[in-house]
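Hi,

Here is the structure I promised to pass on to you.

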Amino acid sequence: MSTITLTLKIWRQQDRKTKGRFETYETGPISQDMSFLEMLDVLNEQLTLEGKDPVAFDHDCREGICGMCGSVINGEAHGPEKETTLCQLHMRHFKDNDTLVIEPFRARAFPIIKDLAIDRTPLDRIIQAGGYISVNTGGAPDANAIPIAAERAEAALDAAACIGCGACVAACPNASAMLFVGAKITHLALLPQGLPERSGRPLDMVQEMDSQGFGNCSNIQECEQACPKGISIQNIARLNHEYLRAAFLSEE
Amino acid sequence: MLTSSIGKKTVMAISGAMLSLFLLAHMVGNTTAFFGREAFNGYAGHIHDLGGILKLLEAGLLFFLLAHAGVALLLYLENMQARPERYAVKKSSGSGLIAQTMPYTGLAILIFLIVHLANFHFTDRTTPPSEMIREVLGRPEFALFYIFSVLAAALHISHGLWSLFQTLGLSHPRYNKLIMTGGIICGIAVGTVFVLIPVLAVIYSGFLL
(Lines give C-alpha, C1' and ligand atoms only; values in the text may rest on other atoms or scores of the structure.)
Protein backbone atom coordinates (compact mmCIF):
# COMPACT_ATOMS: atom_id res chain seq x y z
CA MET A 1 0.00 0.00 0.00
CA SER A 2 1.58 3.27 -1.10
CA THR A 3 1.15 6.41 0.91
CA ILE A 4 1.62 10.09 0.08
CA THR A 5 1.86 13.25 2.12
CA LEU A 6 0.09 16.42 1.04
CA THR A 7 0.04 20.12 1.77
CA LEU A 8 -3.57 21.26 2.09
CA LYS A 9 -4.71 24.88 1.85
CA ILE A 10 -8.23 24.74 3.20
CA TRP A 11 -10.81 27.54 3.41
CA ARG A 12 -11.75 28.05 7.06
CA GLN A 13 -14.76 30.17 7.92
CA GLN A 14 -16.49 30.20 11.32
CA ASP A 15 -20.02 30.96 10.08
CA ARG A 16 -21.79 32.71 7.22
CA LYS A 17 -21.12 36.18 8.58
CA THR A 18 -17.46 35.88 9.62
CA LYS A 19 -14.78 36.50 7.02
CA GLY A 20 -12.94 33.36 5.96
CA ARG A 21 -9.27 32.67 5.24
CA PHE A 22 -7.01 29.86 4.05
CA GLU A 23 -5.18 27.66 6.59
CA THR A 24 -2.29 25.43 5.57
CA TYR A 25 -1.97 21.87 6.90
CA GLU A 26 0.64 19.17 6.36
CA THR A 27 -0.95 15.72 6.37
CA GLY A 28 0.57 12.56 7.79
CA PRO A 29 0.92 9.55 5.48
CA ILE A 30 -2.25 9.21 3.34
CA SER A 31 -3.08 5.85 1.74
CA GLN A 32 -3.69 6.19 -1.99
CA ASP A 33 -6.59 3.76 -1.62
CA MET A 34 -8.51 6.35 0.40
CA SER A 35 -11.22 8.54 -1.03
CA PHE A 36 -10.80 12.30 -0.84
CA LEU A 37 -13.29 12.51 2.04
CA GLU A 38 -11.48 9.77 3.96
CA MET A 39 -8.32 11.83 3.57
CA LEU A 40 -10.21 14.76 5.16
CA ASP A 41 -11.38 12.38 7.94
CA VAL A 42 -7.74 11.52 8.66
CA LEU A 43 -6.83 15.21 8.70
CA ASN A 44 -9.72 15.92 11.10
CA GLU A 45 -8.57 13.14 13.45
CA GLN A 46 -5.11 14.71 13.44
CA LEU A 47 -6.60 18.17 14.13
CA THR A 48 -8.82 16.85 16.93
CA LEU A 49 -5.85 15.15 18.64
CA GLU A 50 -3.96 18.44 18.41
CA GLY A 51 -6.93 20.12 20.12
CA LYS A 52 -7.82 22.13 17.00
CA ASP A 53 -11.20 22.68 15.34
CA PRO A 54 -11.80 19.97 12.66
CA VAL A 55 -12.70 21.04 9.11
CA ALA A 56 -16.45 21.00 8.47
CA PHE A 57 -17.33 19.48 5.08
CA ASP A 58 -20.52 18.17 3.47
CA HIS A 59 -20.91 14.41 3.00
CA ASP A 60 -23.53 11.72 3.35
CA CYS A 61 -23.76 8.53 1.25
CA ARG A 62 -20.14 8.49 0.04
CA GLU A 63 -21.34 6.43 -2.92
CA GLY A 64 -21.66 9.27 -5.42
CA ILE A 65 -25.47 9.32 -5.49
CA CYS A 66 -26.73 11.66 -2.77
CA GLY A 67 -25.40 15.00 -4.01
CA MET A 68 -24.28 16.13 -0.58
CA CYS A 69 -20.49 16.31 -1.00
CA GLY A 70 -18.47 18.65 -3.15
CA SER A 71 -15.71 21.19 -2.83
CA VAL A 72 -13.51 22.95 -5.33
CA ILE A 73 -10.09 21.27 -5.51
CA ASN A 74 -7.37 23.31 -7.23
CA GLY A 75 -10.02 25.25 -9.13
CA GLU A 76 -12.15 22.26 -10.19
CA ALA A 77 -15.51 21.36 -8.66
CA HIS A 78 -15.31 17.77 -7.35
CA GLY A 79 -11.61 17.67 -8.27
CA PRO A 80 -9.75 16.67 -11.42
CA GLU A 81 -11.49 13.40 -12.38
CA LYS A 82 -14.29 13.61 -14.96
CA GLU A 83 -17.80 12.50 -13.93
CA THR A 84 -16.69 11.77 -10.37
CA THR A 85 -18.09 13.14 -7.14
CA LEU A 86 -15.63 14.16 -4.44
CA CYS A 87 -16.44 11.08 -2.34
CA GLN A 88 -15.63 8.81 -5.28
CA LEU A 89 -12.39 10.63 -6.07
CA HIS A 90 -9.48 8.52 -4.86
CA MET A 91 -6.13 9.69 -3.59
CA ARG A 92 -4.34 7.60 -6.24
CA HIS A 93 -5.03 10.52 -8.60
CA PHE A 94 -2.66 12.68 -6.56
CA LYS A 95 1.11 12.59 -6.21
CA ASP A 96 3.39 12.74 -3.20
CA ASN A 97 4.02 16.33 -1.98
CA ASP A 98 1.11 17.77 -4.02
CA THR A 99 -0.37 21.03 -2.75
CA LEU A 100 -4.16 21.06 -2.86
CA VAL A 101 -6.24 24.21 -2.50
CA ILE A 102 -9.66 23.22 -1.14
CA GLU A 103 -12.47 25.80 -1.30
CA PRO A 104 -16.22 25.57 -0.83
CA PHE A 105 -18.62 25.87 -3.82
CA ARG A 106 -18.91 29.65 -4.08
CA ALA A 107 -22.12 31.41 -5.10
CA ARG A 108 -24.31 34.10 -3.59
CA ALA A 109 -27.13 31.54 -3.57
CA PHE A 110 -25.01 29.01 -1.57
CA PRO A 111 -24.11 30.70 1.73
CA ILE A 112 -21.25 29.08 3.63
CA ILE A 113 -22.42 27.40 6.85
CA LYS A 114 -18.90 26.60 8.10
CA ASP A 115 -15.58 25.98 6.33
CA LEU A 116 -16.46 23.83 3.29
CA ALA A 117 -20.09 23.16 4.25
CA ILE A 118 -22.60 25.17 2.22
CA ASP A 119 -26.35 25.71 2.26
CA ARG A 120 -27.91 24.29 -0.92
CA THR A 121 -31.51 24.96 0.16
CA PRO A 122 -32.09 27.24 -2.90
CA LEU A 123 -31.95 24.12 -5.12
CA ASP A 124 -34.65 22.50 -2.95
CA ARG A 125 -36.79 25.63 -3.25
CA ILE A 126 -36.58 25.40 -7.05
CA ILE A 127 -37.78 21.78 -6.86
CA GLN A 128 -40.60 22.80 -4.51
CA ALA A 129 -41.68 25.43 -7.03
CA GLY A 130 -42.38 22.90 -9.80
CA GLY A 131 -40.12 19.86 -9.83
CA TYR A 132 -42.92 17.41 -9.13
CA ILE A 133 -45.87 15.65 -10.74
CA SER A 134 -49.37 15.30 -9.33
CA VAL A 135 -50.78 11.77 -9.12
CA ASN A 136 -53.63 10.34 -7.14
CA THR A 137 -52.41 7.92 -4.53
CA GLY A 138 -53.87 4.42 -4.50
CA GLY A 139 -52.83 0.97 -5.62
CA ALA A 140 -49.53 0.77 -7.48
CA PRO A 141 -50.19 1.05 -11.24
CA ASP A 142 -49.31 -1.88 -13.49
CA ALA A 143 -45.82 -1.80 -14.92
CA ASN A 144 -45.86 -0.58 -18.54
CA ALA A 145 -49.44 0.67 -18.16
CA ILE A 146 -48.24 3.89 -19.81
CA PRO A 147 -46.22 3.13 -22.96
CA ILE A 148 -43.02 5.18 -23.26
CA ALA A 149 -40.56 4.79 -26.16
CA ALA A 150 -37.24 3.36 -24.96
CA GLU A 151 -35.16 6.28 -26.39
CA ARG A 152 -37.40 8.78 -24.63
CA ALA A 153 -37.20 6.95 -21.33
CA GLU A 154 -33.40 6.79 -21.70
CA ALA A 155 -33.15 10.53 -22.36
CA ALA A 156 -35.38 11.26 -19.37
CA LEU A 157 -33.29 9.00 -17.15
CA ASP A 158 -30.04 10.64 -18.37
CA ALA A 159 -31.45 13.96 -17.13
CA ALA A 160 -32.75 12.34 -13.94
CA ALA A 161 -29.17 11.27 -13.14
CA CYS A 162 -28.68 14.80 -11.73
CA ILE A 163 -28.02 14.48 -7.98
CA GLY A 164 -28.40 18.19 -7.26
CA CYS A 165 -24.88 18.63 -5.88
CA GLY A 166 -24.54 22.16 -7.26
CA ALA A 167 -21.21 21.60 -9.04
CA CYS A 168 -22.73 23.26 -12.14
CA VAL A 169 -23.36 26.41 -10.08
CA ALA A 170 -19.88 26.21 -8.56
CA ALA A 171 -18.17 25.83 -11.95
CA CYS A 172 -20.24 28.43 -13.81
CA PRO A 173 -18.43 31.79 -14.06
CA ASN A 174 -21.88 33.37 -13.56
CA ALA A 175 -22.95 31.01 -10.74
CA SER A 176 -26.00 30.05 -12.79
CA ALA A 177 -28.18 27.05 -11.92
CA MET A 178 -29.44 26.50 -15.47
CA LEU A 179 -27.93 23.01 -15.86
CA PHE A 180 -29.63 21.83 -12.66
CA VAL A 181 -32.99 23.32 -13.64
CA GLY A 182 -32.53 22.09 -17.23
CA ALA A 183 -32.02 18.53 -16.02
CA LYS A 184 -35.07 18.66 -13.74
CA ILE A 185 -37.30 20.20 -16.43
CA THR A 186 -36.12 17.72 -19.06
CA HIS A 187 -36.66 14.61 -17.05
CA LEU A 188 -40.26 15.54 -16.32
CA ALA A 189 -41.04 17.09 -19.73
CA LEU A 190 -40.02 13.95 -21.61
CA LEU A 191 -42.34 11.62 -19.72
CA PRO A 192 -46.15 11.42 -20.01
CA GLN A 193 -46.45 11.67 -16.23
CA GLY A 194 -44.97 15.18 -16.41
CA LEU A 195 -47.34 16.52 -19.07
CA PRO A 196 -50.21 17.88 -16.90
CA GLU A 197 -47.89 20.51 -15.33
CA ARG A 198 -45.83 21.11 -18.46
CA SER A 199 -46.94 24.73 -18.94
CA GLY A 200 -46.64 25.95 -15.40
CA ARG A 201 -43.48 24.11 -14.39
CA PRO A 202 -40.78 26.01 -16.35
CA LEU A 203 -42.30 29.38 -15.48
CA ASP A 204 -42.50 28.60 -11.76
CA MET A 205 -39.07 26.97 -11.51
CA VAL A 206 -37.29 29.73 -13.45
CA GLN A 207 -39.02 32.41 -11.38
CA GLU A 208 -37.82 30.66 -8.22
CA MET A 209 -34.32 30.22 -9.67
CA ASP A 210 -34.09 33.94 -10.46
CA SER A 211 -35.33 34.97 -7.02
CA GLN A 212 -32.71 32.79 -5.28
CA GLY A 213 -29.87 34.93 -6.62
CA PHE A 214 -28.28 32.62 -9.19
CA GLY A 215 -26.63 34.26 -12.22
CA ASN A 216 -27.72 34.06 -15.86
CA CYS A 217 -26.53 31.42 -18.32
CA SER A 218 -24.17 32.73 -21.02
CA ASN A 219 -23.58 29.38 -22.75
CA ILE A 220 -20.00 29.03 -21.47
CA GLN A 221 -20.32 25.22 -21.02
CA GLU A 222 -18.21 24.99 -17.85
CA CYS A 223 -21.13 23.31 -16.02
CA GLU A 224 -21.16 20.36 -18.40
CA GLN A 225 -17.43 19.77 -17.80
CA ALA A 226 -17.82 19.84 -14.01
CA CYS A 227 -20.99 17.75 -13.70
CA PRO A 228 -20.22 14.46 -11.92
CA LYS A 229 -23.18 12.85 -13.70
CA GLY A 230 -22.34 14.00 -17.22
CA ILE A 231 -25.50 16.08 -17.67
CA SER A 232 -25.39 17.72 -21.12
CA ILE A 233 -26.13 21.38 -21.88
CA GLN A 234 -28.66 19.97 -24.31
CA ASN A 235 -30.86 20.05 -21.21
CA ILE A 236 -30.42 23.83 -20.96
CA ALA A 237 -31.60 24.19 -24.55
CA ARG A 238 -34.64 22.08 -23.67
CA LEU A 239 -35.32 24.25 -20.61
CA ASN A 240 -35.17 27.37 -22.83
CA HIS A 241 -37.47 25.67 -25.32
CA GLU A 242 -39.94 24.56 -22.62
CA TYR A 243 -39.86 28.01 -21.00
CA LEU A 244 -40.49 29.93 -24.23
CA ARG A 245 -43.18 27.43 -25.24
CA ALA A 246 -44.92 27.90 -21.88
CA ALA A 247 -44.51 31.68 -21.93
CA PHE A 248 -45.62 32.38 -25.49
CA LEU A 249 -47.47 29.38 -26.89
CA SER A 250 -49.31 27.89 -23.94
CA GLU A 251 -53.12 28.03 -24.15
CA GLU A 252 -53.50 27.95 -20.37
CA MET B 1 -41.64 37.17 -19.16
CA LEU B 2 -38.92 39.37 -20.63
CA THR B 3 -37.63 40.34 -17.18
CA SER B 4 -36.78 36.73 -16.22
CA SER B 5 -33.28 35.36 -16.81
CA ILE B 6 -34.40 33.36 -19.84
CA GLY B 7 -36.44 36.34 -21.08
CA LYS B 8 -33.36 38.56 -21.00
CA LYS B 9 -31.34 35.91 -22.81
CA THR B 10 -34.11 35.76 -25.45
CA VAL B 11 -33.84 39.51 -25.99
CA MET B 12 -30.07 39.05 -26.43
CA ALA B 13 -30.61 36.22 -28.90
CA ILE B 14 -33.19 37.96 -31.10
CA SER B 15 -31.49 41.37 -31.11
CA GLY B 16 -28.16 39.63 -31.75
CA ALA B 17 -29.69 37.75 -34.68
CA MET B 18 -30.93 41.01 -36.21
CA LEU B 19 -27.57 42.72 -35.77
CA SER B 20 -25.82 39.69 -37.28
CA LEU B 21 -28.13 39.78 -40.29
CA PHE B 22 -27.20 43.42 -40.78
CA LEU B 23 -23.50 42.61 -40.44
CA LEU B 24 -23.75 39.80 -43.00
CA ALA B 25 -25.57 42.11 -45.44
CA HIS B 26 -22.96 44.81 -44.80
CA MET B 27 -20.23 42.25 -45.48
CA VAL B 28 -21.77 41.10 -48.75
CA GLY B 29 -22.23 44.74 -49.81
CA ASN B 30 -18.64 45.61 -48.99
CA THR B 31 -17.30 42.89 -51.28
CA THR B 32 -18.16 45.31 -54.11
CA ALA B 33 -15.06 47.25 -52.98
CA PHE B 34 -12.92 44.45 -54.42
CA PHE B 35 -14.35 45.17 -57.89
CA GLY B 36 -13.19 48.78 -57.95
CA ARG B 37 -14.40 52.29 -57.42
CA GLU B 38 -17.45 52.25 -59.76
CA ALA B 39 -18.86 49.04 -58.32
CA PHE B 40 -18.47 50.27 -54.74
CA ASN B 41 -19.84 53.77 -55.29
CA GLY B 42 -22.68 52.29 -57.33
CA TYR B 43 -23.57 49.96 -54.45
CA ALA B 44 -23.42 52.81 -51.92
CA GLY B 45 -25.56 54.95 -54.22
CA HIS B 46 -28.23 52.25 -54.46
CA ILE B 47 -28.36 52.02 -50.67
CA HIS B 48 -28.74 55.81 -50.29
CA ASP B 49 -31.48 55.85 -52.92
CA LEU B 50 -33.64 53.72 -50.63
CA GLY B 51 -34.57 56.95 -48.79
CA GLY B 52 -37.44 56.36 -46.36
CA ILE B 53 -36.87 52.60 -46.17
CA LEU B 54 -33.23 53.24 -45.23
CA LYS B 55 -34.32 55.55 -42.39
CA LEU B 56 -36.68 52.83 -41.14
CA LEU B 57 -33.93 50.17 -41.29
CA GLU B 58 -31.56 52.51 -39.44
CA ALA B 59 -34.13 53.10 -36.71
CA GLY B 60 -34.66 49.34 -36.37
CA LEU B 61 -30.94 48.76 -36.17
CA LEU B 62 -30.56 51.41 -33.46
CA PHE B 63 -33.43 49.81 -31.54
CA PHE B 64 -31.84 46.34 -31.62
CA LEU B 65 -28.42 47.76 -30.78
CA LEU B 66 -29.78 49.57 -27.73
CA ALA B 67 -31.69 46.45 -26.63
CA HIS B 68 -28.63 44.22 -27.11
CA ALA B 69 -26.17 46.52 -25.35
CA GLY B 70 -28.58 47.54 -22.59
CA VAL B 71 -29.63 44.02 -21.63
CA ALA B 72 -25.99 42.87 -21.95
CA LEU B 73 -24.94 45.46 -19.38
CA LEU B 74 -27.75 44.37 -17.06
CA LEU B 75 -26.79 40.67 -17.39
CA TYR B 76 -23.11 41.50 -16.84
CA LEU B 77 -23.86 43.35 -13.61
CA GLU B 78 -26.22 40.61 -12.37
CA ASN B 79 -23.68 37.89 -13.12
CA MET B 80 -20.96 39.81 -11.27
CA GLN B 81 -23.15 39.89 -8.18
CA ALA B 82 -24.00 36.18 -8.34
CA ARG B 83 -20.57 35.28 -6.91
CA PRO B 84 -19.54 37.92 -4.35
CA GLU B 85 -16.47 35.99 -3.14
CA ARG B 86 -14.18 34.84 -5.97
CA TYR B 87 -12.27 31.57 -6.06
CA ALA B 88 -8.59 31.71 -5.06
CA VAL B 89 -7.86 29.09 -7.72
CA LYS B 90 -10.13 28.58 -10.74
CA LYS B 91 -9.39 26.28 -13.61
CA SER B 92 -11.49 26.70 -16.74
CA SER B 93 -11.85 23.92 -19.27
CA GLY B 94 -11.20 26.36 -22.11
CA SER B 95 -14.35 25.40 -24.03
CA GLY B 96 -15.99 28.67 -23.06
CA LEU B 97 -13.14 31.08 -23.73
CA ILE B 98 -14.93 33.01 -26.48
CA ALA B 99 -18.19 32.95 -24.51
CA GLN B 100 -16.48 34.45 -21.47
CA THR B 101 -14.97 37.28 -23.49
CA MET B 102 -18.35 38.27 -25.00
CA PRO B 103 -18.77 41.34 -22.73
CA TYR B 104 -15.31 42.61 -23.70
CA THR B 105 -15.51 41.91 -27.44
CA GLY B 106 -18.98 43.47 -27.25
CA LEU B 107 -17.59 46.62 -25.63
CA ALA B 108 -14.82 46.77 -28.27
CA ILE B 109 -17.47 46.58 -31.01
CA LEU B 110 -19.48 49.39 -29.38
CA ILE B 111 -16.42 51.67 -29.24
CA PHE B 112 -15.60 50.78 -32.84
CA LEU B 113 -19.16 51.56 -33.89
CA ILE B 114 -18.92 55.10 -32.54
CA VAL B 115 -15.62 55.72 -34.37
CA HIS B 116 -16.94 54.03 -37.51
CA LEU B 117 -20.09 56.15 -37.61
CA ALA B 118 -18.06 59.31 -36.95
CA ASN B 119 -15.79 58.36 -39.87
CA PHE B 120 -18.41 57.43 -42.43
CA HIS B 121 -21.89 58.50 -41.31
CA PHE B 122 -21.77 61.73 -39.31
CA THR B 123 -19.34 63.43 -41.65
CA ASP B 124 -19.26 65.39 -44.89
CA ARG B 125 -21.33 63.10 -47.11
CA THR B 126 -20.57 64.92 -50.38
CA THR B 127 -17.28 63.06 -50.88
CA PRO B 128 -17.73 59.79 -52.78
CA PRO B 129 -17.69 56.74 -50.42
CA SER B 130 -14.64 55.23 -52.14
CA GLU B 131 -12.73 58.45 -51.39
CA MET B 132 -13.80 58.33 -47.73
CA ILE B 133 -12.44 54.80 -47.42
CA ARG B 134 -9.13 55.82 -48.99
CA GLU B 135 -8.85 58.78 -46.65
CA VAL B 136 -9.72 57.02 -43.39
CA LEU B 137 -8.27 53.54 -43.92
CA GLY B 138 -5.22 54.85 -45.76
CA ARG B 139 -3.98 55.96 -42.34
CA PRO B 140 -2.26 52.99 -40.71
CA GLU B 141 -3.44 53.79 -37.16
CA PHE B 142 -7.07 53.73 -38.30
CA ALA B 143 -6.51 50.63 -40.42
CA LEU B 144 -5.02 48.83 -37.41
CA PHE B 145 -7.92 49.89 -35.19
CA TYR B 146 -10.39 48.65 -37.80
CA ILE B 147 -8.58 45.31 -38.12
CA PHE B 148 -8.59 44.65 -34.36
CA SER B 149 -12.23 45.67 -34.05
CA VAL B 150 -13.22 43.37 -36.88
CA LEU B 151 -11.42 40.46 -35.21
CA ALA B 152 -13.37 41.19 -32.01
CA ALA B 153 -16.60 41.16 -34.04
CA ALA B 154 -15.61 37.88 -35.71
CA LEU B 155 -15.07 36.23 -32.31
CA HIS B 156 -18.28 37.75 -30.99
CA ILE B 157 -20.51 36.35 -33.73
CA SER B 158 -18.72 33.00 -33.99
CA HIS B 159 -19.98 32.28 -30.47
CA GLY B 160 -23.12 34.37 -30.83
CA LEU B 161 -24.65 32.37 -33.66
CA TRP B 162 -24.48 29.04 -31.82
CA SER B 163 -25.51 30.76 -28.60
CA LEU B 164 -28.57 32.15 -30.36
CA PHE B 165 -29.85 28.67 -31.22
CA GLN B 166 -29.06 27.34 -27.74
CA THR B 167 -30.90 30.24 -26.05
CA LEU B 168 -33.97 29.88 -28.23
CA GLY B 169 -34.00 26.18 -27.38
CA LEU B 170 -33.37 25.14 -30.98
CA SER B 171 -30.94 22.37 -30.22
CA HIS B 172 -30.74 18.89 -31.59
CA PRO B 173 -27.77 16.51 -31.46
CA ARG B 174 -28.10 16.01 -35.21
CA TYR B 175 -27.68 19.71 -36.06
CA ASN B 176 -25.55 21.05 -33.18
CA LYS B 177 -22.22 20.41 -34.94
CA LEU B 178 -23.59 22.07 -38.08
CA ILE B 179 -24.77 25.14 -36.14
CA MET B 180 -21.45 25.46 -34.31
CA THR B 181 -19.44 25.11 -37.54
CA GLY B 182 -21.82 27.54 -39.27
CA GLY B 183 -21.15 30.14 -36.57
CA ILE B 184 -17.41 29.76 -36.95
CA ILE B 185 -17.64 29.95 -40.76
CA CYS B 186 -19.70 33.16 -40.47
CA GLY B 187 -17.09 34.56 -38.07
CA ILE B 188 -14.26 33.72 -40.47
CA ALA B 189 -16.16 35.13 -43.48
CA VAL B 190 -16.94 38.41 -41.71
CA GLY B 191 -13.38 38.58 -40.38
CA THR B 192 -11.80 37.97 -43.79
CA VAL B 193 -13.87 40.41 -45.84
CA PHE B 194 -13.73 43.26 -43.32
CA VAL B 195 -10.02 42.79 -42.60
CA LEU B 196 -9.14 42.73 -46.31
CA ILE B 197 -10.53 46.25 -46.86
CA PRO B 198 -8.24 48.13 -44.41
CA VAL B 199 -5.32 45.87 -45.35
CA LEU B 200 -5.75 46.65 -49.05
CA ALA B 201 -6.25 50.35 -48.28
CA VAL B 202 -2.86 50.45 -46.55
CA ILE B 203 -0.69 48.21 -48.72
CA TYR B 204 -2.18 48.90 -52.17
CA SER B 205 -2.03 52.57 -53.08
CA GLY B 206 -4.33 52.08 -56.07
CA PHE B 207 -7.18 50.62 -53.96
CA LEU B 208 -10.56 52.07 -55.03
CA LEU B 209 -8.83 54.56 -57.33
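Some housekeeping before that. Residues are numbered from 1 along each chain as its sequence is written, while chains are lettered from A and ligands numbered from 1 in the order in which they are written. Please keep in mind that this is a predicted model, in which local features need pLDDT of at least 70 and side-chain atom pairs count only at pLDDT 80 or more, whereas totals for chains, interfaces and linings use all residues.

Chain A overall

Along the principal axes, its C-alpha atoms fill a box of roughly 65 × 40 × 35 Å. Chain A has 252 residues, and 45% of them are buried (20 or more other C-beta atoms within 10 Å of the residue's own; exposed means 12 or fewer, partly exposed is in between, and C-beta atoms are placed from the backbone). Among contacts in chain A with a separation of 6 or more, 72% come from residues 24 or more positions apart; a contact means C-beta atoms, placed from the backbone, within 7 Å.

In chain A, helix α5 (residues 178-189) and helix α6 (residues 200-211) cross at roughly 165°, and their axes come within 11 Å. (Axes are lines fitted to C-alpha atoms, for helices over the stretch in contact, and angles run from 0 to 180 degrees between N-to-C directions.) That makes α5(A) roughly antiparallel to α6(A), since angles over 145 degrees count that way, under 35 as roughly parallel, 65 to 115 as roughly perpendicular and the rest as oblique. A:Val181, A:Ile185 and A:Leu188 of α5(A) meet A:Arg201, A:Pro202, A:Met205, A:Val206 and A:Met209 of α6(A).

A:Met209 counts as buried because it has 26 C-beta neighbours inside 10 Å. Beyond its neighbours within four places in sequence, A:Met209 touches A:Ile126, A:Ala177, A:Val181 and A:Phe214.

An open strand

Strand β3 (residues 21-26) of chain A has six residues, of which zero are buried, so it lies largely in the open. Strand β2 (residues 7-12) of chain A runs antiparallel to β3(A), joined by six bridges (strands pair if DSSP finds at least two bridges between them). In this pairing, A:Leu8 stands opposite A:Tyr25.

Chain B and the contact

In chain B, helix α1 (residues 5-30) packs against helix α8 (residues 173-203) at an angle of about 45°, with the axes 10 Å apart. The two are therefore oblique to each other. On the α1(B) side the contact is made by B:Leu23, B:Met27 and B:Asn30, and on the α8(B) side by B:Ala189, B:Val190, B:Val193, B:Phe194 and B:Ile197.

Where the chains meet, chain B contributes 34 residues and chain A 36 residues. On the chain B side, the elements giving two or more residues are α1, α3 (52-81), α4 (97-100) and α7 (140-167). Of these, α1(B) gives the most, with five residues.

Best wishes

Note on methods
Contact = placed C-beta atoms within 7 Å. Helix = DSSP H or I, 4+ residues; strand = E, 2+ residues; numbered from the N terminus.
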